[in-house]
Amino acid sequence: MKNNASVIYNLFLVVGDFLSLILAFVGAYLLRGRLSSAPVAYPIHSKEYLLVFLSILPFWIIIFGLLGLYKHQIYERRYNELGRLLMGSFMGLLFVIFWNFVSVNPIFPAKLVPIYGFILAFVLLVIFRNLARFTRTKLFAYKVGLNHVLIVGNTAMTHELVESLHDSSRSGYKIVAVVGGQKASSDNQRVRLFPSFQEALAHEHVPIHTIIQTELYADESQNREILEFAQTEHIAYRFVPGNTELFVGNIEVELFRNSLPVIAVHQTALIGWGRIVKRLFDILVGGILLVIASPFMVLIAIAELLSGSHSVFFRQARLTRFNYEFRVFKFRSQYKRYDGTTPEEAFERMGKPELTRQYRENGDFLVDDPRITPLGRFLRRTSLDELPQLFNVVKGDVSLVGPRPLIRQELSVYEKRHTILSVKSGLTGLAQVSGRKNISFEERRKLDLYYVQNWTFWLDLIILIKTIRVILEGS
């Protein structure tokens, strides 16, 4: 049974976007045509102006639809939605300007009206979308608009799904039952367990909107029964493969030898044109940042020398894409005697091996790290020690955004290290902006893997914006 709440929410978004656009261009008309003392080029009556825009704006909404702004994959992700709203607002503005160009009579009283309209439209759309998201989340707490889910399977993924979806006020999902989930839910009293699919259907009297299957049965008839039930009852069906890593990254469905449908899974989504665009972006933005940072780098170098440091820069061999070894440059922030050592080796050398566990569990960070110099603490807190890596970015050793560069000694402790090394390492990354000092070593590696397997150029831009925020907050 289809969840009507999603349809209602989509309709709410369409109406809200339409009203926001009307309000934006009415506001633009008033700002330039009524409130401004400057004369207008074309004195258009407000009623005529409004009627023209009422006929144009449905096409603007269609543009939003084509950009996916009414799909849950977009509106449930704040930054994706923000980027597409900006793109949609700009494309809509171009459409309105084109309409004005081909019209016999002008539709704008002055040239600044479309500019005002574009700015107001984007601002009002962002405000409305955030209010809509806030309202929808609040309604989840009252069990309004929840998506009822039946989970089928007895795997570790079943347990992860139960744990991630159990708080319906945050997830928007309510688990009505788990079929065969003893392994995943034996210690969880929040969900009802059933040994078979038919038994779950017989006992559950609430509507089911989604079925998520986490394993395929050896008996193919059981799998067919579940899928056919979902199709017959118009229920959304999703399958989570046991080897989830097989189905992440860049996936293509193609005809092999022009006859056999196959799924091609690339190790990373960063292939083809993506690598070219990313490299050009690194050269352009990295070069600009290097010029801007140069005066600050000179001042830091002087401070390093005045502090008694024997060398300004810290150089270390690191690994980047395809196990390529390069020399990373940073401003010195730790004592020279710990150069070339892993944290484990350094803490062992100073007779404090117990700090290793604390360091790793705290996301590769210690408040009073004994390896760090007084000046180094300031440089690390402000991330100024990373500035010389801009040379590595322009040179092509690393990218502005990517996984943390590895040293060879760390290869043995990095799970899926060869996947991480399928792209260039980065000056900043998803792990650094996702709770810089509050996530564990294992969680950082999972975020690195996610970045490698799900790269997009938009994701790079989001990470760079978040990096600026993190640095300014000093977190």
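## Overall architecture

The protein chain contains 18 helices and 11 strands, where helices (H or I, at least four residues) and strands (E, at least two) are DSSP runs numbered from the N terminus. This is a predicted model, in which local features need pLDDT of at least 70 and side-chain atom pairs count only at pLDDT 80 or more, while totals for chains, interfaces and linings use all residues. Residues are numbered from 1 along each chain as its sequence is written, and side-chain values use heavy atoms, with hydrogens and water left out.

Of the 475 residues of the protein chain, 42% count as buried; buried means under 20% relative accessible area, exposed over 50%, and partly exposed in between, with a 1.4 Å probe and protein chains only. The accessible surface of the chain comes to about 26100 Å², and 63% of this belongs to carbon and sulfur atoms, the areas being computed by the Shrake-Rupley method with a 1.4 Å probe and, for residues, with only the protein chains shown counting as cover. Among the contacts in the chain with a separation of 6 or more, 69% are between residues 24 or more positions apart, a contact being heavy atoms within 4.5 Å.

## Helix α11

Helix α11 covers residues 273-306, and its 34 residues should span 50 Å at 1.5 Å a residue, which agrees with the 47 Å between its end C-alpha atoms; the expected span is 1.5 Å times one less than the number of residues. At Ala293 the helix bends by about 45°, and Pro295 follows within four residues, the bend being the angle between axes fitted to the seven residues ending at a position and the seven starting there.

The buried residues of α11 include Lys278, Phe281, Asp282, Leu290, Ala293, Met297 and Glu304. Its buried residues pack against strands β9 (324-331) and β10 (399-401), and against helices α14 (374-382), α15 (389-395), α17 (441-453) and α18 (457-473). Just after α11, Gly308 takes a positive phi of about 95°.

## Helix α5

Helix α5 (residues 112-141) has 30 residues and reaches 44 Å from its first C-alpha to its last, close to the 44 Å expected. Among its buried residues are Phe118, Leu125, Phe128 and Phe140, together with Arg129 and Arg133. Just after α5, Lys143 takes a positive phi of about 65°.

## Salt bridges

The count comes to 8 salt bridges, each defined as a side-chain nitrogen of Lys or Arg within 4 Å of a carboxyl oxygen of Asp or Glu. Arg133 forms a salt bridge with Glu81, with the closest N and O atoms 2.4 Å apart. This pair links distant parts of the chain, since Arg133 lies in helix α5 and Glu81 in helix α4, 52 residues apart. Both Arg133 and Glu81 are buried, and the two residues belong to a network of salt bridges that also links Asp17 and Arg129.

Glu76 forms a salt bridge with Arg136, the closest N and O atoms being 3.4 Å apart. Here Glu76 lies in the loop between α3 (72-75) and α4 (78-102) and Arg136 in helix α5, 60 residues apart. Glu76 is partly exposed at 41% relative accessibility, and Arg136 is partly exposed at 23%.

Lys330 forms a salt bridge with Glu386, the closest N and O atoms being 3.8 Å apart. Lys330 lies in strand β9 and Glu386 in the loop between α14 and α15, so the pair ties together parts 56 residues apart in sequence. Lys330 is buried, with a relative accessible area of 17%, whereas Glu386 is partly exposed, with a relative accessible area of 23%.
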